[in-house]
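The entries below follow the order in which I checked them.

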Amino acid sequence: MSEPSLASSALAEQIDAAARAIEARVIAWRRDLHAHPELGNREFRTAGVVQAHLRDLGLDEVRTEVAHTGVVGLLKGAFPGPVVALRADMDALPVTEDVDLPFASKVRTTWNGEDVGVMHACGHDCHVAILMGVAEILTGLRAQLHGSVKFIFQPAEEMPPEGEEGGAKLMIEQGALENPVPQAVFGLHVTSRLPVGIVGYRPGPTMASSDRFRITVQGKQTHGAAPWLGVDPIVTAAQMVLGLQTVVSRGVDITREPAVVTVGMIKGGVRENIIPDSVEMRGTVRTFDEEMRDDIHERVTTLAEAIARGSRAGCTVCIQKNYPVTVNDPALTEAMVPTLQRVAGPDALRLVPKVTGAEDFSFFQQVVPGLFFFVGVTPPGIDPAKAYSNHSPRFFADERGLVVGVRALAQLTCDYFELKA
Ligand SMILES: [Zn+2]
Ligand SMILES: [Zn+2]
């Protein structure tokens, strides 16, 4: 295999050296963030740490309070060229940490009216620390940069609290991708699914769209001993749960893309001998294609309504679109694979399967061609298939993955500049 010609090896070596030099500080930043996790739209301390760092570096611009707590920094290279956006999400989860670490989170807060522990159980602390490191490295190389870099520190990737807006969508609405407009956006996620040292990627649809639905079945309450006097929403809801299983299995071309329809909550009735007035169901839809997404929404709605009609029940179906499909631009991905290969090293870059989880990085990709990739953080000796996954109270990140992320984002940026020169 020949060395990819796009890489300016001198600059690549400088980045690697700078990454080695900054690794200990990136780990220290990550530990500090890990000990002080904050939920979505509440990343006040985290945003403070980020903006102080970016201001110390002397970036050309630092915008704060974008989408509540987001921070956007701009670094102009010495030479004209394209604009690359790099994104890190900052929020933690309502999870009580169960890892024995000196910097384990002891933070608690109120969420949806409940007292909960807060933990960086998705590893966004790693993402913030990595991007702070990248900002410092690229600022140090400013005199050699043929383009500009936008550093996007994003709040509320895990969804804003009920009743609030937030995340990537709101950042875009508030101009995060304007003045200047980037030509490419890169982001990464640390994952328990890969061993530390491994980088994973996939061209095209990579993570699913995620939408939630709520179906209310309106019956007519009556005595459980005389069902003919009312309309039973429980039996109707049961028919719907089974009917919804056919939306994907009978209606979707699964040779094109997979899809999932799950009913995750069903609620109705208070007593064995009362047929209740109504039943509420909630569920989620995952797809890898925007057309299939719309088609499934339509099928869920018409099927639920038809089953209700057949049972003489009423029915309202409400589908809330959350995150679009995370689609890695095929041309951009192909162009950047040699960079990821060089960063990962021989045998350490993997083509990974689709993920039915979702990412709001997808909103950035709807505006700008983007590449979202994965960095392994499962320690050697642990089978990633059995490791505690992201979102688990026992999620553990091997910090040797951080420098891989730093090198990857910095090298992708510089190689992109070179490709477009
Ligand atoms: Zn997550
Ligand atoms: Zn995440």
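I took as donors the N, O and S atoms within 2.8 Å of the metal (3.2 Å for Na, K and Ca); water is not among the atoms, so sites may look incomplete. The model is predicted, so I kept to its thresholds: local features need pLDDT of at least 70, side-chain atom pairs count only at pLDDT 80 or more, and totals for chains, interfaces and linings use all residues. Residues are numbered from 1 along each chain as its sequence is written, chains are lettered from A and ligands numbered from 1 in the order in which they are written, and side-chain values use heavy atoms, with hydrogens and water left out.

**Entry 1, the zinc pair.** I looked up the separation of the two zinc ions: ligand 2 and ligand 1 are 3.1 Å apart, and Cys122 coordinates both. For the zinc ion (ligand 1) I found Cys122 (SG), Glu158 (OE) and His391 (NE2) as protein donors, at 2.0 to 2.2 Å. Their spacing along the chain is C-x35-E-x232-H. Distant parts of the chain are linked here: Glu158 is in the loop between strand E6 (146-154) and helix H4 (167-173), while His391, 233 residues apart from it, is in the loop between strand E18 (370-378) and helix H9 (400-420). Helices (H or I, at least four residues) and strands (E, at least two) are DSSP runs, numbered from the N terminus.

Cys122 and His124 are buried. His391 has a relative accessible area of 39%, so I list it as partly exposed. I also noted a positive phi near 85° for His391, a residue other than glycine.

What does H9 span from its first C-alpha to its last? I get 31 Å for its 21 residues, close to the 30 Å expected at 1.5 Å a residue. The expected span is 1.5 Å times one less than the number of residues. Of the 21 residues of H9, 17 are buried, so the helix is largely enclosed by the rest of the structure.

I counted two strands as paired if DSSP finds at least two bridges between them. Eight strands form an open sheet of mixed pairing, in the order E1-E2-E6-E3-E7-E18-E8-E17. Strand E1 (61-66) and strand E17 (349-351) are at the edges with a single partner strand each, so one side of each has no neighbour in the sheet. On average, neighbouring strands of this sheet are turned by 25° against each other, direction ignored. E3 and E6 run parallel and are joined by eight bridges; Val84 has Val149 in E6 as its bridge partner.

H3 packs on this sheet, where it touches strand E2 (70-76), E3, E6 and strand E7 (184-195), and its direction makes about 160° with that of E3. Contact means heavy atoms within 4.5 Å. Axes are lines fitted to C-alpha atoms, for helices over the stretch in contact, and angles run from 0 to 180 degrees between N-to-C directions.

The axes of helix H2 (residues 44-57) and helix H3 (residues 124-140) come within 10 Å and cross at roughly 10°. That makes the two helices roughly parallel; angles under 35 degrees count as such, over 145 as roughly antiparallel, 65 to 115 as roughly perpendicular and the rest as oblique. Residues of H2 in the contact include Val49, His53 and Leu57, and those of H3 include Val128, Met132 and Glu136.

E4 and strand E5 (residues 114-117) run antiparallel and are joined by four bridges. Thr110 stands opposite Asp115 in E5. Two residues separate the strands of the hairpin, and Asn112 has a positive phi near 50°.

I found a cis peptide bond from Asn179 to Pro180, with omega near -5°. Pro180 lies in the loop between H4 and E7. Asn179 has a positive phi of about 45° although it is not a glycine, and at 66% relative accessibility it counts as exposed.

Methods:
Buried means under 20% relative accessible area, exposed over 50%, partly exposed in between (1.4 Å probe, protein chains only).
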